[in-house]
Amino acid sequence: MSMDDDAQPAARLTVLSGPSGVGKDSVIEFVRLRSPWIKLSVSVTTRKKRDYETDGEHYHFVTRSEFQRLVDGGQLLEWAEFAGNLYGTPRAQVEGWLHQGRPVLLKIDLQGARQVRAAMPEAQLVFLAPPSVEELHRRLVGRGTDDEETIKRRLAHADEELAAESEFDHTVVNDFVERAADELVGLLGSLYLAHEH
Ligand code: 5GP
């Protein structure tokens with residue numbers, strides 16, 4: 001495989017989506033460890049920071065007006081409202097990495113995945129699925145970081161997202177997080193790429 005600057009960079013954009021609570025963050029944590037060559041996009045969000053999160057690492061936490069300025073300036077590759085908060089992918093960061101030939105992984109919701117598909121049909125869409133719907137609901141209720149109303153909205157949204165699986169190119173079942181991460185890394189082709197460098 002050629003690693004020339006202009007070797008189909010957009011082909012290396014992969015979107016990881018799936019219902020809230022399915023374990024996208026845990027899988028991505030293993031991907032980060034296994035394959036530092038993969039670039040993980042850091043989204044901007046108006047959501048409140050959770051205790052375990054670091055600004056600039058998990059998200060860039062911004063106000064609604066800052067977010068609106070990014071939208072108006074065309075600086076987001078995609079954006080969506082999720083459970084009352086705004087989330088978006090900074091365009092310049094992703095395009096820069098793709099131009100360098102790095103595989104890029106976006107962890108975004110279904111609306112975002114659809115926008116990426118429309119804007120970049122060559123992007124690879126991966127759906128992270130729970131071992132079962134019951135297990136997903138258990139995880140969502142048990143997380144304990146959100147109030148009852150938010151959990152209810154997340155359950156409804158999760159069911160909607162589960163129904164969209166067929167829109168994706170691949171499904172990875174998060175039965176064991178390390179196994180799922182390995183499968184995802186395989187889909188990104190990054191072991192091979194990392195080996196070349
Ligand atoms: P959380 O608040 O639990 O971190 O994320 C809530 C949802 O927002 C998840 O489904 C996550 O994938 C999605 N999300 C995170 N960043 C982005 C983004 O930049 N764009 C879109 N469309 N969704 C995002």
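Predicted model: local features only at pLDDT ≥ 70, side-chain atom pairs only at ≥ 80, totals over all residues.
Is Glu-81 buried, partly exposed or exposed, and at what relative accessibility? Glu-81 counts as partly exposed because its relative accessibility is 42%.

**Salt bridges**

The side chain of Glu-81 meets that of Arg-64 in a salt bridge, with 3.6 Å from N to O. This pair links distant parts of the chain, since Arg-64 belongs to helix H2 and Glu-81 to strand E5, 17 residues apart. Arg-64, with a relative accessible area of 45%, is partly exposed. The salt bridges in the structure come to a count of 12, and three of them are set out below.

| Pair | N to O distance |
|---|---|
| Lys-107 and Asp-25 | 2.9 Å |
| Arg-64 and Glu-81 | 3.6 Å |
| Arg-114 and Glu-167 | 2.6 Å |

The salt bridge between Lys-107 and Asp-25 ties together parts that are 82 residues apart in sequence, because Lys-107 lies in strand E7 and Asp-25 in helix H1. Lys-107 is partly exposed at a relative accessible area of 23%, and Asp-25 also counts as partly exposed, at 37%. In the pair formed by Arg-114 and Glu-167, Arg-114 sits in helix H4, whereas Glu-167 is found in the loop between helix H6 and strand E9, 53 residues apart.

**Aromatic residues**

There are 5 aromatic pairs in the structure. One of them brings Phe-67 and Trp-79 together in an edge-to-face arrangement, with 6.0 Å centre to centre and 75° between the planes. Here too the pair connects helix H2, which holds Phe-67, with strand E5, which holds Trp-79, across 12 residues. Phe-67 counts as buried because its relative accessibility is 0%, while Trp-79 is partly exposed at 34%. Elsewhere, Tyr-59, Phe-61, Phe-82 and Tyr-87 form one aromatic cluster, and the charged end of Arg-102 sits over the ring of Trp-37, 4.0 Å from its centre.

**The ligand**

Of the 16 residues around the ligand, those that come nearest are Ser-43, Arg-47, Tyr-59, Glu-78 and Tyr-87. A polar side-chain atom of Tyr-87 lies 2.5 Å from an oxygen atom of the ligand, and one of Thr-89 lies 3.3 Å from an oxygen atom of the ligand. On its own the ligand has 510 Å² of accessible area, of which the protein covers 97%.

Definitions and conventions: Residues numbered from 1 in each chain as written. Heavy atoms only, no water. Phe/Tyr/Trp six-rings, centres within 6.5 Å; stacked < 30°, edge-to-face > 60°. Helix = DSSP H or I, 4+ residues; strand = E, 2+ residues; numbered from the N terminus. Buried < 20%, exposed > 50% of the residue type's maximum accessible area, 1.4 Å probe, protein only. Lys NZ or Arg CZ within 6 Å of the ring centre and 35° of its normal. Near = heavy atom within 4 Å. Polar contact = N/O pair within 3.5 Å; in protein donor to acceptor, adjacent residues only side chain to side chain. Areas by Shrake-Rupley, 256 points an atom, 1.4 Å probe, with all protein chains shown as cover. Salt bridge = Lys/Arg side-chain N within 4 Å of Asp/Glu carboxyl O.
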